[in-house]
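Dear colleague,

I am handing over the structure below, together with some notes on what came out of looking through it. Please read the notes with the structure open beside them.

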Amino acid sequence: MKIVEEVLDAGSHAYVTGYLHDVSEEMENHRIRPCMVVCPGGGYEMLSDREKDPPAFAWFAAGYQVFALNYSIKEYAGDLRPLMELSKTVMMIRRRAGEWQIHPDQIAVMGFSAGGHLAASLGTLWNSGRLKERMDTENGMNRPNAMILSYPVISAGEFAHQGSLEKVSGGDEELKEWFSLEKRVTPDTPPAFLWHTADDDVVPVENTMLFGMALKRAGVPFECHIFPSGIHGLSMCNYDVDTKNESCGQWFSLGLYWLNQLFGYRC
């Protein structure tokens with residue numbers, strides 16, 4: 001394994017860590033691999049350790065090149081910083097795809113809770129005028145090819161996780177509404193895999209349901225799983241992250257199969 005680290009924003013201490021497979025002559029079929037960018041949750045207030053390395057290593061074990069994003073939080077979470085940092089990450093990976101043995105058209109983003117909001121923000125807002133006013137997106141170089149959203153924060157409406165929306169909007173009501181992502185889905189939004197638990201008492205399941213309905217209306221391919229019960233913050237749903245839940249734990253194999261089929265990847 002090769003580990004790389006790239007600073008994205010010196011002012012807010014945002015950076016991304018990459019976990020890359022070594023090139024081996026014994027594995028010619030996997031010389032070029034798909035890529036996953038992991039965005040941990042934490043309400044834009046902190047970054048959850050259990051939603052960062054455990055899923056990153058699971059995707060790595062499944063054959064993916066993986067990057068874990070430490071995006072801006074707390075007082076640095078406003079002013080579109082996290083969205084620009086994820087944009088920069090995807091663009092950097094695409095630019096350096098040859099160096100890092102990555103297929104440039106097989107870059108997925110995934111996130112948990114507020115990290116799911118960030119991943120879905122890029123998926124829906126990658127081509128927005130507001131983002132392009134702040135940075136050069138190089139004609140869509142920042143568009144991910146797929147999204148995996150785990151119990152994501154989505155809506156600024158009735159079912160909002162107010163803490164996340166307050167942080168990412170900096171308290172600006174107009175920006176908070178802009179970040180109500182079920183309203184930002186277009187036919188250019190990338191395909192998505194979503195999962196949630198019906199009794200999540202932190203981020204209501206309606207967030208995922210609203211986003212799924214928006215994807216359906218826009219004609220965007222998606223797969224959605226609503227598991228009957230499980231606490232918020234399940235991550236990999238195993239003892240490694242102190243959240244053993246065998247039912248919900250199926251999400252990873254289901255999501256892996258979905259993404260492998262989408263990318264035509266055999267591990």
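Predicted model: local features only at pLDDT ≥ 70, side-chain atom pairs only at ≥ 80, totals over all residues.

Residues are numbered from 1 along each chain as its sequence is written, and side-chain values use heavy atoms, with hydrogens and water left out.

Strand β5

Helices and strands here are DSSP runs (H or I of at least four residues for helices, E of at least two for strands), numbered from the N terminus. Strand β5 covers residues 102–112, and Ile102 lies in it. Ile102 has a relative accessible area of 2% and is therefore buried, where buried means under 20% relative accessible area, exposed means over 50%, and partly exposed lies in between (1.4 Å probe, protein chains only). Although 68 residues separate Ile102 from Pro34 in sequence, their C-alpha atoms are 5.7 Å apart in space. With neighbours within four places in sequence left aside, the contacts of Ile102 (contact being heavy atoms within 4.5 Å) are Ile32, Arg33, Cys35, Gln65, Phe67, Ile93, Ala97 and Ile107.

Gln106 is also found in strand β5, and with a relative accessible area of 12% Gln106 is buried. Residues up to four places away in sequence not being counted, Gln106 touches Pro34, Cys35, Asn145 and Phe263. Between Gln106 and Leu259, which are 153 residues apart along the chain, the C-alpha separation is 9.4 Å.

Helices

Helix α1 (residues 53–61) has as its buried residues Pro54, Pro55, Ala56, Ala58, Trp59 and Phe60, and these pack against β2 (14–20), β3 (33–39), β4 (65–70), β5, β6 (146–150) and α8 (250–263). After α1 comes Gly63, with a positive phi near 105°.

Helix α2 (residues 81–95) and helix α3 (residues 114–125) have axes that come within 9 Å and cross at roughly 70°; such axes are lines fitted to C-alpha atoms, for helices over the stretch in contact, with angles running from 0 to 180 degrees between N-to-C directions. The two helices α2 and α3 are therefore roughly perpendicular to each other, on a scale where under 35 degrees counts as roughly parallel, over 145 as roughly antiparallel, 65 to 115 as roughly perpendicular and the rest as oblique. On the α2 side the contact is made by Pro82, Leu83, Leu86, Ser87 and Val90, and on the α3 side by Leu118, Ala119, Ser121, Leu122 and Leu125.

Salt bridges

A salt bridge is taken as a side-chain nitrogen of Lys or Arg within 4 Å of a carboxyl oxygen of Asp or Glu, and by this rule the count comes to 9 salt bridges. In one of them, the side chains of Lys176 and Glu166 meet at 2.4 Å, N to O, and this pair links distant parts of the chain, with Lys176 in helix α6 (residues 173–178) and Glu166 in helix α5 (residues 162–169), 10 residues apart. Lys176 is buried, at 7% relative accessibility, whereas Glu166 is partly exposed, at 36% relative accessible area.

Lys176 also forms a salt bridge with Glu173, whose closest N and O atoms are 3.3 Å apart; because Lys176 and Glu173 are 3 residues apart in helix α6, about one helical turn separates them. Glu173 is exposed, with a relative accessible area of 52%. A further salt bridge joins the side chains of Lys183 and Glu177 (2.7 Å, N to O), and Glu6, Arg96 and Glu99 are linked in a network of salt bridges.

Two loop residues

Asp79, in the loop between β4 and α2, has a positive phi near 60° though it is a residue other than glycine, and at 42% relative accessibility Asp79 counts as partly exposed. Tyr151, in the loop between β6 and α5, is not a glycine either and has a positive phi of about 35°, but Tyr151 is buried, with a relative accessible area of 2%.
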